[in-house]
Amino acid sequence: MDRGQKTEAVVALNAIFKQAGVVVVTRNLGLTVAQSTALRTKMRDEGASFKVSKNRLAKLALEGTDYAPIADMLTGPVALATSDDPVAAAKIAVEFAKSNDRLEIVGGAMGDTLLDEAGIKSLASMPSLDELRGTIVGLLVAPQTKIARVLVEPATSVARVVSAYAAAGE
């Protein structure tokens, strides 16, 4: 990379860090191209990204962002998983690391909160933003559904009784 490309990479990474809801630092212990592509595809499907970057460039990009404390984690062959949803990147990275021993979770951050490996794993166990929205909608709709069921039930019971008398010929 020449100096211009490095500058562009730092600016692009800085923009990613400024809008990310979570950054997960992973250590790449020899992922194959196919495995890396599969992980990137899963990340992309969930609105997250997985990027391998030079540690020095990533450290420069971290300056001036909430994620500056993770600079100490950037040693060795690392890759960064980011997403706007605070759970998506962590969930996918942890699931992938469970099935593949060549990817190791180092830690990360959510905003200015530094997370270790256990913190990332507990973050991954939380429901995603879409799952939470679905739960809230279900909770909001449930009372109306129950009220409608209670109101309709007497009419249904009367209809069954009339139908039973009609079937009996009375």
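This is a predicted model: local features need pLDDT of at least 70, side-chain atom pairs count only at pLDDT 80 or more; totals for chains, interfaces and linings use all residues.
**Exercise 1.** Now try helices H2 and H4: are they roughly parallel or roughly antiparallel?

*Solution.* First get the angle. The axes of H2 (residues 33-45) and H4 cross at roughly 150 degrees and come within 10 Å. Angles over 145 degrees count as roughly antiparallel, so H2 and H4 are roughly antiparallel to each other. Their crossing is right-handed. To see the contact itself, pick out Gln35, Leu39, Lys42 and Met43 on H2, and Ala89, Ile92, Ala93 and Phe96 on H4.

**Exercise 2.** Track down the salt bridges: how many does the structure hold, and which parts of the chain do they join?

*Solution.* There are three salt bridges. Take them in turn.

- Glu104 and Arg27 meet with N and O 3.5 Å apart. Glu104 sits in strand E4 (residues 103-110) and Arg27 in strand E1 (residues 22-28), so this pair ties together parts 77 residues apart in sequence. Glu104 is partly exposed at 33% relative accessibility, while Arg27 is buried at 18%.
- Lys91 pairs with Glu131, with the closest N and O atoms 3.6 Å apart. This one links helix H4 to helix H6 across 40 residues. Lys91 is buried at 19%, and Glu131 is partly exposed at 43%.
- Glu117 and Lys121 come together at 3.0 Å, N to O. Both lie in helix H5 (residues 117-124), four residues apart, or about one turn of the helix. Glu117, at 35%, counts as partly exposed, and so does Lys121, at 41%.

**Exercise 3.** Where does Asp85 lie, and what is the nearest side chain of opposite charge?

*Solution.* Look in the loop between strand E3 (78-83) and helix H4 (88-99) for Asp85. Asp85 is buried but has no salt bridge. The nearest oppositely charged side chain is Arg133, 7.7 Å away, whereas a salt bridge needs the atoms within 4 Å. Setting aside neighbours within four places in sequence, Asp85 does contact Val22, Ser128 and Leu129.

Terms used: Residues are numbered from 1 along each chain as its sequence is written. Side-chain values use heavy atoms; hydrogens and water are left out. Helices (H or I, at least four residues) and strands (E, at least two) are DSSP runs, numbered from the N terminus. Buried means under 20% relative accessible area, exposed over 50%, partly exposed in between (1.4 Å probe, protein chains only). Lys and Arg count as positive and Asp and Glu as negative; His and the chain ends are not counted. Contact means heavy atoms within 4.5 Å. Axes are lines fitted to C-alpha atoms, for helices over the stretch in contact, and angles run from 0 to 180 degrees between N-to-C directions. Angles under 35 degrees count as roughly parallel, over 145 as roughly antiparallel, 65 to 115 as roughly perpendicular and the rest as oblique. A crossing is left-handed if the near helix is turned anticlockwise from the far one by less than a right angle, and right-handed if clockwise.
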